[in-house]
Every structure is written in C-alpha cells, then in structure tokens.
Amino acid sequence: MITPSVRGDTAIPPSAKEPMNESGDLTVMNEFQPQRRRILKFGSALALAPVITQLTGGIPAGQACAITAPGALGAPLNQTAATAQLADSKGKPLRMWYTTPVFDWENQALVQGNGTTGLMAFGNPGRDRLHFNEKTLWRGGPANGRTYLGGNKATAITPQQLNNYRLALDNKATSVFGLPPTGAGGANPQLTSLMFGDTGGMGMYQDFGDLYLDFSATGITDASASNYVRDLDMSTAVSTVNFDHGGVHYRREYFVSHPDQVAVVRLSASEPGKLTFTMSTTAASGLTTTATADPNEKRITLAGQVSDNQMRAEMQLKLQNEGGAVSSGDGRTLTVTAADTVTLVYSTGTNYKNDYPTYRGEDPHGKLTQRVDSAIASGYGALLDRHLADYQELFSRVQFEVGATIPDIPTDQLMRNYRAGSYDLAVDQMAYQFGRYLSIAGSRIGDLPTNLCGLWMIGSASAFWGADYHFNVNVQMNYWPTMITNLAETQVPFNEFVESLVVPGRLTAERSAAVETEDFAHAPLGTGKGFLINTQVNPFGHTAPIGSQEYGWNIGGSSWVMQNLYDYYLFTGDETFLRDTAYPMLKEMAAFWNEYLWYSPYQKRLTVAPSVSAEQGPTAVGTAYDQSLVWELYRMAIEASEKLGVDADLRAVWQDKQSQLNPILIGQQGQVKEWFEETTLGKAQAGDLPEVGIWNFGAGGSANQGSVHRHTSQLVGLFPGTLISKDTPEWMDAAIKSLEQRSLNGTGWSKAMKINMYARTGLAEDTYSMVRAMFAGNRNGLMDNLLDSHPPFQIDGNFGLTAGMTEMLVQSQLGYTQFLPALPIAWKDGSVDGLVARGNFVLDMKWANGAATEFRVMARNGGTFVGDYLGIVQTTVKDADGNLVAIKANGADEISFDTTKGQTYTIAFEPVGVGFANVSWHVDRAETVGELASSAAEQVRQHIAQAERLAQSPASNRAVTSQLDNAARKGKASTKLVEALSALAATFR
C-alpha cells in the first residue's frame, strides 16, 4: 500500500454538517428558498455575522475545517517531516494534491493539455500510465465506401409538406398540440420522416492510447512507495508525482506545452543511476496501429488509422537521458537503464483538416518528427520556460480572492469535507480558476473547440454522449467564461469552427427546413439564406437533425451560437471580425428566419414551427426556447447593422419580424411558459379541449437528478440572452418563478446553467445556494478532481460554473457594467482583478463587509464607460495620474465618464472611519460635484498633506489641528468635508 502524506487534524463539529441527499445535492432548507422580491437595482448584500454562521452551518465564513480521517482509501497516517514539506501548499493556493495514484480517472485524474494533445498521468510509482488524447481524432465523416452528406436527407422537404405539417400542429380540434405525439401521422413521426437526416457518418470522438513506464525491475511497486504526493498547480499547469523508495526520493514532472506542441515528462531521483524502466505504448479500441521503437534515435512511434474512416493518426515520442543507456529488446519498447534523469516529449496528430467536404490534409508523421526532435534539442529548462511564459500570460490575468486560507489537507479530502458541510472558501477559489485553467488547456488558436469531454477521455465515447459538439446548450456553455474572464484567445477556435459550419449548415437548411441557398458551397459568406446547426455535430460538417424529436431537432442552434460570436465582438470591439465574420453570419440567419417564420392563426403571432424545447416535451409551435433565440438573433443583426452603418432596409424588416415574435408568455402560476399551450407546470390546454398533462414532460426521469428537467430552455432570454432583465420586472418575476420550479437539484452542467440564470436575477443567496449545490454535487457536480459530472464526466459544467460565479461579480449584457450584482454573504470580503466587461473594459474590484470600496476600469479601446452599483453616484473617479475625471450621473446608482484608450480609472468610495484617507476623499468629492473650485481644493489638499506629515513627526497635536482647521476654513463650501475634517481634528485635540 502506498503510504500517503496527509495534513489536517481538526474535527468538524456536528453543527457544521449540512444535510445532503443521496445524489450529493443540498437538501433545500428554508434559508435557501428563493427570495421573492423584485430587483430594482443590484447592489451588494451587507453581511451579518449571525446570518453568515447560519448559512455556513455554524462555521464563520472563510474558516476552513478539516476532518480527522485516515488517508485516502484508508491509508495510514504516518507523515514524516519530509513528507509534510512535500504536501505543504503554502504560497500555492491553486494547488490540487492527492496522496494516492489514479484508479478512477473520471474522479481522480488531473487533466493537462495544450488544446491539441491531452495528458492524464495516473502517477503509479511502479507502473505509471500516461493516457493521451488528440483533439482531431474522430470516427465518422467521409470514409471509403460511405456516402456522406453531413447526416442530411438525400432530398429536401418541400414548402408544401412543411406548410401542411404546420397547419396540422396548429389545429386544436382534437389534440392540445395539434397532433398526437406518436403513432401513424403523429407529430414526432412526421418530424423525423420529413425533416430528419440519418446517423450515417456522425461517428464520435475517438480515444487514442497510453504510454506505460514500468519500473518493476528496480523493485518499485505501489505498495513499497512511501510519502506519496501527486499534484497539479493551476498557476503553472505543471503536475508532479513525488515519493520515496529504498531511501531514494523520486520526482516526476508533467506539462503539455502549447508553444512547442508537445507533452513533456521529466523523471529524476535524489541519487544518480536510479532510473531504470521500460516504456511501451498501446492504442485504444477503434484504431488499427503499429508501435515501433528505435533505441538509436530514442524514439517510439505509434502510427496507423481510425478503423471507421481511415483517418491517419500518430503519436511520436522521443527521450533524452542523462547517464545510463537506452535499448530495445523487441523493436516496440524502449528500456532505460541506470539513468540520472530522463526527459520524455511526445506529440500527437492526424491528417484531419477542416476543409469541406473532404476534411483531410497531410499525413502527420513529418510534422510530429520535427516537433519532438526540436523539443528534445531545446532541453527541459527551455521547454518549461516557454510553457510558463505562454500559459501564465493567460492564466495570471485574473485573480479571485474571497478570503480563503490555503488547505492543509488533500483536495479529495477537502471535497469530501465540503459535501459533509464544511464549506471551505478554498473550494470557491479553486473551482473558479479551474474553469479558466481548462479553457487554456483545452482550447487554443489553431485547434478545434472543446467537445463534451474537452479533449480528455478514456474508452468509448458512447459512454459520454459521443463526446461530440452538442449545440443545444453544451458547446455554447464551454465558451461562456472565455470573454468575461479575460481569455478571448481561447474562443477563437470556436469562432472559426462555427464559421466552418456555414456551408454544411446551408445544406441542412435546405434539406430540413426548405430554405435553399443557391450554390450553397460557394456562395460568399453573408449572401446565403442561412445555415442550421442541430444538436449533434462532429468536425466533419454534420449539422443535420438526427435522433429523437425533442433531442435531435434544434433549429435554433445556429442562432444561439451566434450569441457567443457576437459577444466576442462586444467584448473585444474587433470591428474587422464584426464586419467580415459575425455580421455576415447574422445576416444569413436573419434571412433564414425571414423566410422560415410562420404566422400561426391559433397563436396570432410569428412562430418557429415545428419547434421543441430542448430535450423534453412535444413537437409544438413556437416554444419559448426557439422564439427567444430568434428574437435575440434579430437583436444582434439589428445592432450590428447599425454599428456598421449598412443594410438599413433589411434592418427595418428585421425590426418588424422581431416585434411579432412575442417570445415571453406568463402562465397561471406566474411562470414563464415553455410552450404556448402550457397552463401550469406540466399541464397544457388549447381551444375547447380539456387540460392535459404535457407529453414527454420531464423526459429523462432519473437523468434529471431530482430536477423537473435538467434543461431550463424557456429562460434562454434571461441567460445568456438579454430579453429578460431587471428592466423587465414582470418577466423577471416570472423567470424567478420558473427557476423555483426547477429547484436547486439537477445534473452538473444543469446546475451550472441555473447558476448563470440565478445570477441574472440578482438574488445573491439563491445563486450561491446553487453554487454550493454544485460544489457538493460529486457525481452531480464537482468530483474529487474538480471535474464536472453529468454524470458521467462532462466538462461543460466546469465552464458554466466559472461563468456563473463571474456573473455574480459583474454583468454587462444590458449595455452598461453592473458591479457586484449578486454578491453573496459568504463572499462578504474579497477582491477580483482582470475581469472584462463588454466594451473591452478590464475591471478590478475590491469590497469589504459586503460593500464596494474601490473599482478600477482599464479602457482597452477607450469610449464611454457606464457603471451601475448601489450609490455609485457618491464616488470619485480619477485617472492614472491622479486627476479627477468628470462624471455624469444617471439617477443614484449609475455614472458614466469618457475614457482614453489604454488608461486606467479608479472609482473610489468613501473610506470607512475617521482618517486622512477619508478627508482626502471628501476633498475629491467636493471638487467633483462643484462645491470647491480646483484652486480651493488644491489649497485644502496642501493643508491636509502638511497635517499628515506633522502627525507622523514629533510635532505637537496642536500643529496638526491647526493645519486641519485651516483646511476646514478653505473648504467651508462643502459641509461634509468640514464635518470629516472636524472629526479627524477631534482625534488630535
């Protein structure tokens, strides 16, 4: 048995335990019930110590508790001084560490990547397993003997067929939803027969293989190793394994470099000549490969093809040993004998190329050979330096602090404690930054975007929903945090991938929706009649609807994803991207909806028909999901055309169409209606027919993990859209009611979706209850390695969680920046640096006792900044040189001021307490509002500065008060300034 290193010896009091249900979800207590109030202005929550204690189960906010327990898996506690040093996380608040190797990869593996190559090191002392994945390695798509049309029907639905189907769905003579859902002539069979494609060529993500490092010849086994620690430091993206054996300390370091496009492993020992091992590689099922080893070149190559589609695939490794020798006894493995240190580098690749319709490029062999040869020649130190420079430039942009202390227990124990009721704020900080870590590790320029598993998976993708690109929330969620958390570069792969789907998506629009683009494969971007991207998508242009009706039909998918792309423009201000990419795509989709929308005689509005609400319920006309997505699409097209000063005639058409959608309807329980016919939750009625239960309501059953349904699709206008906001209070109340109906339960990503939606309501404590439910969710939230579980492992929840926690801190979807719109009591003291608001404003924020103390705004592009926060009008604004900036007030809670590109501005609130900082602020405030002329204010500042100097010298108190009295006389035009000066002078009298 491995002897672990475990630190922590404080027991949790019984009062600290919060009840959980069997799935790991928080049992909903009264204090977690949504607060029924209308949000007029989003400010901060003032902290009250008794309330904090109540909400944290008896533990003051920010105080960590540890459980006295044996090591992981029951390993004994026999920590030595040396081990304690290894396990110490001092100075490394984002270090995840464990005292056992990986045996359950979903729950325990530490994932690393560079956007292309994925690594999961199991860390076994005796036989280490390095699992590798390759982003472009897929089954499906074009293949020998396969007629591949992106999943589309061979022939297109006709306009007459579509119209007849719509009329039947709208006819309420015999059925509430127009047609019975199933059976001959039913709504679902008609949908799938008229509009769906086939699954031929959809394929799935393909696992790649493993490298094994076998140290058994030296006598090292898992059982004989002691003082074992395995870790990953998010601040460096470097993981390590440390252990002792036979009086020797062994260390393994792992990272995956984006600049050099290689995974790097460094093996070392405390004594020379102690590294002896045999290295082998195996491929996953679904590949036909051959492994070869060349001891002279110190190279292993695993090369072959995907059995399904003949895609070429290769992993190539090269090593450099210091001391010892390298040999091969079988031509397939390499043996290193008696080395001092060993550096391994490997890279992966395929001949995939995102080039419609062939999707094939060059064999990867030459490229991989060049990569690994160059990397080995560089040496470990240079590789590490380039990796750190690249990674940390991105990761270090954002700092998030809410008062956590660095845990002195392993991370798996930290998570178990949290599920037992010990709400350590270290989990908040680590989980938040983990989403950003995964964005960098999983999505880099030049790569495909992250799929349902990011790029990390072992076994068949059939266990992970194909690990494909799901466009009915999941892939959009993967990119929710990128812009707001200052990682715009990591969204570029997604932008490019979506653009590549325009051509195949045009064919889907023709075959499935009867909207044809002439010469669809060659029509310039922006001249077509739209492109459809349904739920299941692969890298080979598969955009057709397949599968079951409520799951496969996702006609709003391409409109939804345009919100991600339009946000890229709003956050960066990149007008070239808007003009050449985003707007032409918006224009195409607006053209599609102009032709496809249908006036429903029954509903008396323009509708999307047929329509579904993602993954539950019947085929219908005009669901809130689809109607909202189309409304948002028109909004973006209208705004973009205005910004670019083009297409005024089309804009008028779009505005007219948008006005007829009427997407938000309120039901009898005050909820947002998911379906037009909905009356109360799960019930519907139409015409003269009696009320019925909604067919297929809550589809998935136990898969919803206690929620009514895991999707909350009727609220896409709340988040990520702009349709429902604090400026539409009736709709906001209805959205809150719908969130209450959905409950705090759900799968991992579903909780993340609701966190974002709750954040938009401004209900801070309800939002944070969802955050806690996700932290504690385990297989319905965060597992021991902080990865999200649906279940199974599904990475979108990690990204959604980070996005939602950021939405609690800043929002800017309404055209202005809302500071701290949903700040919970648990985060009553804290700071965040480096977040980004639309308009490309970089924000730093500080707060104490639930109230803001200072905001900083760096204007990357210049322009007018508009900020919203409770009482923000009572602040001062200074530029980086300390000059006061003129502000314009809009009510009590909103200010605006002009900015200069590249300049930083500080918004200062009145300092708490009596002191020189307080009186200095009052001088600035008096000058800002015009109570003091600049010349008078400067004289007052001189007296205050002289008083402060005297106060720090042996001078008498009388000398200090004399200067303060002089300041008061010069500043007598400002009552509040005089009061502040008098209060300060009183402390010296």
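About 200 Å³ of space lies in the largest cavity. The model is predicted. Keep that in mind at each stop.

**Stop 1: the cavity.** Select Trp480, Asp567, Phe571, Phe719 and Arg838. Of the 15 residues that line the largest cavity, these lie nearest its centre. Now colour by element. Helix H11 (480-484), H15 and helix H22 (796-807) each supply at least two lining residues. H15 gives the most, with four residues. The structure holds 10 cavities of 30 Å³ or more.

**Stop 2: the pocket.** Which element gives the most to the lining of the largest pocket? H15 does, with five residues.

**Stop 3: the core.** Select Phe471, Trp593, Tyr596, Trp827 and Ile907. These have the most contacts inside the largest nonpolar core, which has 240 residues. Helix H16 (residues 575-596) supplies the largest share of this core, 11 residues. A second, separate core has 20 residues, including Leu932, Ile944, Ala968 and Leu984. In soluble globular proteins, nonpolar side chains tend to be buried together.

Centre the view on Trp827. What does Trp827 touch, not counting residues up to four places away in sequence? The list is Phe400, Val402, Leu425, Asp428, Tyr768, Met805, Met808, Leu809 and Trp847. Phe400, one of these contacts, returns at the next stop.

**Stop 4: ring pairs.** The structure holds 45 aromatic pairs. Start with Tyr391 and Phe395, which are stacked at 5.4 Å centre to centre, with 15° between the planes. Both lie in helix H7 (residues 380-395), four residues apart, about one turn of the helix.

Next, select Phe400 and Tyr432. Their ring centres are 4.5 Å apart and their planes stand at 40°, so this pair is tilted. Phe400 belongs to strand E17 (residues 399-401) and Tyr432 to helix H9, so the pair ties together parts that are 32 residues apart in sequence. Buried or exposed? Both Phe400 and Tyr432 are buried.

For a group of rings, select Phe819, Phe841, Phe855, Phe865, Tyr869, Phe897, Tyr905 and Phe909. Ring pairs link these residues into a cluster.

**Stop 5: charges over rings.** Go back to Phe395, the partner of Tyr391 in the stacked pair. Arg436 lies over the face of Phe395, at 5.4 Å from the ring centre. Then jump to Tyr602. The charged end of Lys172 sits over the ring of Tyr602, 5.3 Å from its centre.

**Stop 6: a loop.** Finish at Gly459. Gly459 lies in the loop between helix H9 (425-442) and strand E18 (469-470). H9 is also the helix that holds Tyr432. Is Gly459 buried, exposed or partly exposed? Its relative accessibility is 33%, so Gly459 counts as partly exposed.

Note on methods:
Residues are numbered from 1 along each chain as its sequence is written. This is a predicted model: local features need pLDDT of at least 70, side-chain atom pairs count only at pLDDT 80 or more; totals for chains, interfaces and linings use all residues. Side-chain values use heavy atoms; hydrogens and water are left out. Buried means under 20% relative accessible area, exposed over 50%, partly exposed in between (1.4 Å probe, protein chains only). Rings of Phe, Tyr and Trp (its six-membered ring) pair if their centres lie within 6.5 Å; planes under 30 degrees apart count as stacked, over 60 as edge-to-face and the rest as tilted. A charge sits over a ring if NZ of Lys or CZ of Arg is within 6 Å of the ring centre and within 35 degrees of the ring normal. A nonpolar core is a set of buried Ala, Val, Leu, Ile, Met, Phe, Trp, Tyr and Cys residues joined through side-chain atoms within 4.5 Å. Contact means heavy atoms within 4.5 Å. On a 1 Å grid over the protein atoms alone, a cavity is a set of points where a 1.4 Å probe fits but cannot get out, and a pocket is an open set with protein on both sides within 12 Å along at least five of seven lines; lining residues have an atom within 4 Å of a point. Grid points are joined across faces, edges and corners, and a volume is the space filled by probe spheres set on the points.
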